[in-house]
Amino acid sequence: MTVMGVSAFERFFRAAASLDVDKNDLKRYSDFVDDKLYDLLIVAQAAAKANDRDTVEPWDLPVTKGLQESIHRFRQLDQEVELKPILEQLAKHPPLDRAPTEETEARYPELLGGLSVALAETFRMVFPDLKNPQTKHWETVTKIFNLLL
């Protein structure tokens, strides 16, 4: 990721949850969004298959009310931190049995943005006094997301 990308990443977490992250957290964050996008796509693929379609449509993505609200908060935050272009680069996925449509793929950056807001807010909820997340914090928060997504 470019220096500009690291800076936007740091600004985002500061704005979303008053957290000080650094480039060392970037790998954990990248792994998190990769894993969660893949998890969402696996469920979406199953929905497409159950409906006898060869493509994954946007409505196949399992977007909950909470995730939708996080996406809205991301849109507001992104006006000041401009993370969406970076998320477009991160929004890659391995080949699936059912190909996502262009419209579905266009949703990935905002899905990742919503997951990022939820991630930052979860750090704050679970560790209210946290300033700089460490490995143990990332592991705890990731386990929570793995239970829910």
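Of the 149 residues in the chain, 44% are buried, where buried means under 20% relative accessible area with a 1.4 Å probe and protein chains only. This is a predicted model, in which local features need pLDDT of at least 70 and side-chain atom pairs count only at pLDDT 80 or more, while totals for chains, interfaces and linings use all residues. Residues are numbered from 1 along each chain as its sequence is written, and side-chain values use heavy atoms, with hydrogens and water left out.

**Fold and dimensions**
- The chain holds six helices and two strands, taken as DSSP runs (H or I of at least four residues for helices, E of at least two for strands), and from the N terminus their order is α-α-β-α-α-β-α-α.
- The radius of gyration, taken over C-alpha atoms, is 15 Å, close to the 15 Å that the globule rule (2.2 Å times the number of residues to the power 0.38) gives for 149 residues, so the chain is as compact as a globular protein of that length.
- The C-alpha trace spans about 50 × 30 × 25 Å along its principal axes.

- Leaving aside residues up to four places away in sequence, Phe13 touches Ser18, Leu19, Val21, Tyr29, Leu119 and Ala120, a contact being heavy atoms within 4.5 Å.

Note on methods. Buried means under 20% relative accessible area, exposed over 50%, partly exposed in between (1.4 Å probe, protein chains only).
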